[in-house]
Amino acid sequence: MEIVIVPDAAAQGELAAGAVADLLDRKPDALIGVATGSTPLPVYEALQRRRDRGLSLDRARICQLDEYVGLPVGHPESYREVVRREVLDRLGISDDRFMGPDGSAEDVVAACAAYEATLKNAGGVDFQLLGIGTDGHIGFNEPISSFASRTRVKTLTEQTRVDNARFFDSLDDVPQHVLTQGIGTIMEARHLVLLATGESKAEAVALAVEGPLAAIVPASVLQLHPHATVILDEAAASRLKLADYYRSTYRTKPSWQGI
Ligand SMILES: N[C@@H]1[C@@H](O)[C@H](O)[C@@H](COP(=O)(O)O)O[C@@H]1O
């Protein structure tokens with residue numbers, strides 16, 4: 001795992017967007033897994049700026065990490081709509097190059113299996129952006145999710161519902177159930193890039209990066225991934241014991257290596 005500590009969210013966005021741009025250079029039809037929430041927005045903004053300067057996303061494909069169950073089709077806070085707004089529209093990517101699980105399906109179990117098959121048929125995810133919940137979740141894999149899990153239905157913790165209530169009119173409007181790529185599914189992506197900003201994420205980050213591998217902290221599974229990058233601002237990195245080591249490692253890294 002590589003830990004990169006940057007001054008702020010804008011720098012975080014630039015670094016992650018640069019990695020996506022390098023990937024698209026090598027593989028123009030790369031499948032890029034995007035995350036929702038506030039943290040990854042600077043990445044999409046930075047990609048938009050790169051596109052304005054000539055980055056081609058003409059063949060790039062986008063896939064979704066997770067989704068609420070039961071929101072009506074077209075609900076502005078369904079993750080499908082969030083991704084449409086924040087990623088597809090912004091980057092000029094058409095619907096035929098987008099894949100996501102159907103949280104409004106009558107048979108959500110079948111929708112999960114269908115999404116697993118879609119990702120497999122697409123050749124797997126090349127680059128997966130991740131945020132982290134204050135309880136250490138990735139996607140919507142809440143604490144004690146199996147590290148072997150596949151896309152399935154999960155129940156949100158109260159803490160996650162409270163954290164996400166800001167996107168809804170009230171806490172009661174936040175769905176109890178979600179669909180999420182499983183931890184096993186996420187771990188098959190070729191490069192995982194987890195972003196965290198702010199003091200509210202510092203504890204979850206410290207547990208995930210420097211704590212024991214444990215299902216109670218789902219993000220700790222990144223310790224097992226052969227290519228995982230964690231990009232933090234100073235506040236999110238504030239509880240890391242080895243922060244100075246991570247800083248000097250990154251500072252002295254050959255520039256050709258990228259993240
Ligand atoms: N399912 C999403 C996660 O994928 C995201 O990482 C998390 C953190 O969101 P934020 O970046 O807004 O803190 O929110 C939601 O729970």
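What share of the contacts in the chain with a separation of 6 or more is accounted for by residues 24 or more positions apart? The share is 80%, where two residues are said to be in contact if their C-beta atoms, placed from the backbone, lie within 7 Å. The structure is a predicted model, in which local features need pLDDT of at least 70 and side-chain atom pairs count only at pLDDT 80 or more, whereas totals for chains, interfaces and linings use all residues. Residues are numbered from 1 along each chain as its sequence is written.

The secondary structure consists of eight helices and 10 strands, which are DSSP runs numbered from the N terminus, with at least four residues of type H or I for a helix and at least two of type E for a strand. The chain has a radius of gyration of 17 Å, close to the 18 Å given by the globule rule for 259 residues, and it is therefore as compact as a globular protein of that length; the radius is taken over C-alpha atoms, and the rule is 2.2 Å times the number of residues to the power 0.38. The C-alpha trace spans about 55 × 40 × 35 Å along its principal axes. Of the 259 residues, 44% count as buried, a term that applies if 20 or more other C-beta atoms, placed from the backbone, lie within 10 Å of the residue's own, while a residue with 12 or fewer is exposed and one in between is partly exposed.

Seven strands form an open sheet with parallel pairing, in the order S1-S10-S9-S6-S2-S3-S5, and two strands are taken to pair if DSSP finds at least two bridges between them. Strand S1 (2-6) and strand S5 (98-99) stand at the edges with a single partner strand each, so that one side of each is left without a neighbour in the sheet. Helix H1 (residues 9-26) packs on this sheet, where it touches S1, strand S2 (31-34), S6, S9 and strand S10 (228-233), and its direction makes about 155 degrees with that of S10; such angles run from 0 to 180 degrees between N-to-C directions, with axes fitted as lines to C-alpha atoms, for helices over the stretch in contact.

S7 pairs with strand S8 (residues 177-180) in the antiparallel sense over four bridges, and the bridge partner of Lys-154 in S8 is Val-178.

Two loop residues illustrate contrasting surroundings. Ile-144, in the loop between S6 and strand S7 (152-155), is exposed, because it has 10 other C-beta atoms within 10 Å, and its phi is near 70 degrees, a positive value in a residue other than glycine. Most residues other than glycine have a negative phi. Lys-201, in the loop between S9 and helix H7 (202-210), is buried, because 25 other C-beta atoms lie within 10 Å. Residues up to four places away in sequence left aside, Lys-201 touches Ile-132, Thr-134, Ala-196 and Ala-236.

The ligand is surrounded by 14 residues, of which the closest are Ala-35, Gly-37, Ser-38, Thr-39 and Gly-131, a residue being near the ligand if its C-beta atom, placed from the backbone, lies within 6 Å of it. This shell divides into four nonpolar, nine polar and one charged, where Ala, Val, Leu, Ile, Met, Phe, Trp, Tyr, Cys and Pro count as nonpolar, Asp, Glu, Lys and Arg as charged, and the others, Gly among them, as polar.
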